[in-house]
Amino acid sequence: MMSIDTDTDTANPAETSFERVSRRKGQLFRWLLLIASFAGIVSLGVLLVYVFIDALQPLTADAIWYPVFLLTVVAPIAGVGLFYWRWAPSAGSIGVTLLGLPVLGLMATGATFVIVTDVLGSTTWFGFVVALGVATGLFAGFGRVRPDASFETRFVVGLFLYWFALIGLPSVPIPFTNLATVEFLPSLMGAITSLPVVPTRWAALFWTLVVPVGAGVTSYLAGHRPRRTALGAGVIVLGAALAGGLLAAQVGSSLAVGELVVLGTVVPFGLMIERYRVAETVDRRDLRAGLALPVAVIGGLVLNAVLSGVLGIAGPASWLDWQYLTNAPSRFAEQAGIYPALVGSIMIMIIVVLLTFPIGVGAAVYLEEYAPENRTSRLIRINISNLAGVPSVVYGLLGLGLFIRLLDMGLGSILVAGMTLSLLILPIVIISSREAIRAVPDSMRQASYGMGATRWQTVRRVVLPEAMPGILTGTILALARAVGEAAPLLMIGTATTAFSVPGSFTDTASAMPLQIYAWSELPSESFQHGVVAAGVVVLIVVMLTMNSVAIVLRNRYQTRGES
Amino acid sequence: MTQSDMTDDGRTEPTSETDSVSADPEHDDEELIETGVTAGTEGGSGPVGGRTIIESRGLDVYYGEERALQDVSLEIPEKSVTAIIGPSGCGKSTFLRCINRMNDLIQNARVEGELRFEGKNVYDDDVDPVALRRRIGMVFQEPNPFPKSIYDNVAYGLRLQDQTDDLDEKVEQALKDAALWDEVKDRLDESGLELSGGQQQRLCIARAIAVDPGVILMDEPASALDPVATSQIEDLIQEIAEEYTVVIVTHNMQQAARISDRTAVFLTGGELVEYDDTDKIFQNPESQRVEDYITGKFG
């Protein structure tokens, strides 16, 4: 058939012709779309470059600094990048992971250190962890002794154990008298913290963080390595942390800082290498090549610092430096720092996470999996969608009216700030979690119910694991929005400038956006162009970190789902 | 064999129901005789005549106002393959989903009449649909393994019921029974979604039989598969019918003729037109409409 057709085609002298169809309107539309896409990105990019230049002041260094920096830092990194790009493409992602993990670990370590030592106090933290560990151990022991206990029994026993570990029997006023009962039985945590001899800061951190992490490393390795190797690795973790602490103490920092920095960087780095070594899909040569990037970056930075120190070269006089991160605000731009506001922001975010994750995900699960389809549930769904669009100032007003005027929780306290921001992002968390839950194919639920699963089992074992990457992504993006909010915090009377780190969650504190706003009001040029820009960079770095964690989580779960 | 061990474990919850029924043998006989008349067949003692395990009497199903099944009465013998055929929209899947009460999950579905599983009406108030489904496995049209490892897929039902003793052996046995073990034994940790369509469907069958249910319902289990995978599934169905009762909905009449012992023909409007031994349905149906449908004159 085909051959006959072509024959007649070529044989036909009167070949048909086609006129051109105009695409001019389409072309115009396409270029307009391109401009629209770039307009926002480019203007934001320009602004960011401007801010970064202001914050880092890259042109203020000695002339000799630039070639030194180029040779020690830029050239090695560029070389390694070129090597990955040309010869070892699969080593690139390994290199980025091996570099990124310790950096993320370092940031997590910083946050942990701030919370444990400055906010809670190492003694309280020590008591908390030990009491929690004892209760968990007893609960596990109960499960061992009575493996066939009913759910109700286990619930009551668990409640009892954790209650006495963490809360105890506090003094309760007896009705109709002015007597308060004496503290009948302090919690285990209270008992530990009131002991006459409490471990020092580094020892408390050692027992509550280093030892558990070492035990975790051992138990992870014991799964696929000989016992001796696993135990050895655990001991190495403890030793390395102690060595790091001693080294830090030598160079003028503290034991506690040193051991945590080692714990937060070396352990994730080592574990990741171990995972790559175990994974059959990773080539040994790629792994070795992947090590080049962290070596080039860290080695280059260290070399640069040493050289600059020895030769007496002054780097750029950045506003954003270590002192800026650890100092309190000051009247003098050179001494101003963002530390109290950073801690305030972290503490507010802790409240927000603790509130929005359970409430938001819980509401989403209820609305998607349990709620009957009727007018009430439709009304609730529509209203939640509308709440997501309410301006943040209005939520600030709600927080002011509800938490401060009505419940009298203290003007501008961290707790109120966290609760107000939670209200603000709850609708976003609920909506994105609902989308993630709805994206779980119904055939999975059918399969689960068909196997005789209860609704709880289906939600717990099928729906939530499948929806979790989407839920986490949505939640983290919402949290990133909350970090940058200023208006609702102003409404509830959060301090714009705080000179000391808040001691508890009921204290007032500042937050980074407010501190930046306060600085921008000051008349001095160096505040408006230097200190503010540095604050903006810190804020952006925090948000970008949260977003990249969200992206990594999503990709991880996605590849797991496919593979 | 492990099979009998599993039976003991798997039937801990609902034994009381079974006992109460089998303790009353007269009652059982009565049903056999009575339904033998209503269904208009040769009675329970045909060529495949096992004990009746599923029996429906005057079953009506409504979706809102729409009537999906009309007065369906039939009885299904155990350890055999019963095919349900009919044109689309005739209610064959609806009937299948009545047996393990999957219709409960559809909000406006309403069931009237009786459906007895081992003598007990599953729509009685004291029947827990979850416990019922643990004794009646189901395989769906599209292969729907969980996005978990092959091992976790098969172990799912066992874990739901806390039967985690000898889990490895039970998973292995189920995969062997589903004729999948040799293909996956070296990669039990891989995701079930990595498998081909036919393997996925056999994984779903392994998942269903791992908990050793009495009955396995299959809703067009081969319709999404290629011919080779389909014939593997068909062989498998005939094999597992030695130990389990299989009820299979199919729109493929050749398939029904190849693998089933008895065939029920539903026609438009949710009406059971004829139910008999498969040979008789395909060679000498009593109803003219069934003959027209089978010979392809309509449907």
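**Charged pairs and their surroundings**

Modeller: Let's start with Asp276(B), which forms a salt bridge with Lys280(B), where the closest N and O atoms are 3.8 Å apart. By salt bridge I mean a side-chain nitrogen of Lys or Arg within 4 Å of a carboxyl oxygen of Asp or Glu. Please keep in mind that this is a predicted model, in which local features need pLDDT of at least 70 and side-chain atom pairs count only at pLDDT 80 or more, while totals for chains, interfaces and linings use all residues. Residues are numbered from 1 along each chain as its sequence is written, chains are lettered from A and ligands numbered from 1 in the order in which they are written, and side-chain values use heavy atoms, with hydrogens and water left out.

The two partners of this pair differ in cover. Asp276(B) is buried, at a relative accessible area of 4%, whereas Lys280(B) counts as partly exposed at 22%. Here buried means under 20% relative accessible area, exposed means over 50%, and partly exposed is in between, using a 1.4 Å probe and protein chains only.

A second pair in chain B joins Asp124(B) and Lys120(B), whose closest N and O atoms are 3.5 Å apart.

Over all chains, the structure holds 29 salt bridges. One of them is in chain A, between Glu368(A) and Arg434(A), with the closest N and O atoms 2.9 Å apart. This pair links distant parts of the chain: Glu368(A) is in helix α14 (residues 339–370) and Arg434(A) in helix α17 (residues 414–438), 66 residues apart. Helices (H or I, at least four residues) and strands (E, at least two) are DSSP runs, numbered from the N terminus. Glu368(A) is partly exposed at 22% relative accessible area, while Arg434(A) is buried at 9%.

For the setting of that pair, chain A has 22 helices and zero strands. The C-alpha atoms of chain A fill a box of roughly 115 × 75 × 60 Å along the principal axes. Of the 563 residues in chain A, 37% count as buried. Among its contacts between residues at least 6 apart in sequence, 73% join residues at least 24 apart; a contact means heavy atoms within 4.5 Å. As for charge, the mean positions of the 33 positive and 30 negative charges of chain A are 7 Å apart.

Most residues other than glycine have a negative phi. Arg101(B), however, has a positive phi, near 60°, and is placed in the loop between α4 (92–99) and β4 (109–117). Asp212(B) also has a positive phi, near 55°, and lies in the loop between α9 (197–209) and β7 (215–219). Arg101(B) is buried at 12% relative accessible area, and Asp212(B) is buried at 7%.

Ser260(B) is in the loop between α11 (253–259) and β9 (262–267), and it is buried at 9%. Its side chain reaches the backbone oxygen of Ala256(B) at 2.6 Å. A polar contact of 3.2 Å also joins the side chains of Ser260(B) and Thr263(B). A polar contact is a pair of N or O atoms within 3.5 Å; within protein, one must be able to donate a hydrogen and the other to accept it, and residues adjacent in sequence count only if both atoms are side-chain atoms. Leaving out residues up to four places away in sequence, Ser260(B) touches Val81(B), Thr82(B), Ala83(B) and Thr278(B).

Leu69(B) sits in strand β2 (residues 66–77) and is buried, with a relative accessible area of 0%. Not counting residues up to four places away in sequence, Leu69(B) touches several residues, including Leu59(B), Val61(B), Phe95(B), Cys98(B) and Phe266(B). The C-alpha atoms of Leu69(B) and Gly137(B), 68 residues apart along the chain, are separated by 22 Å.

Terms used
Lys, Arg positive; Asp, Glu negative; His and termini not counted. Charge placed at Lys NZ, Arg CZ, Asp CG, Glu CD.
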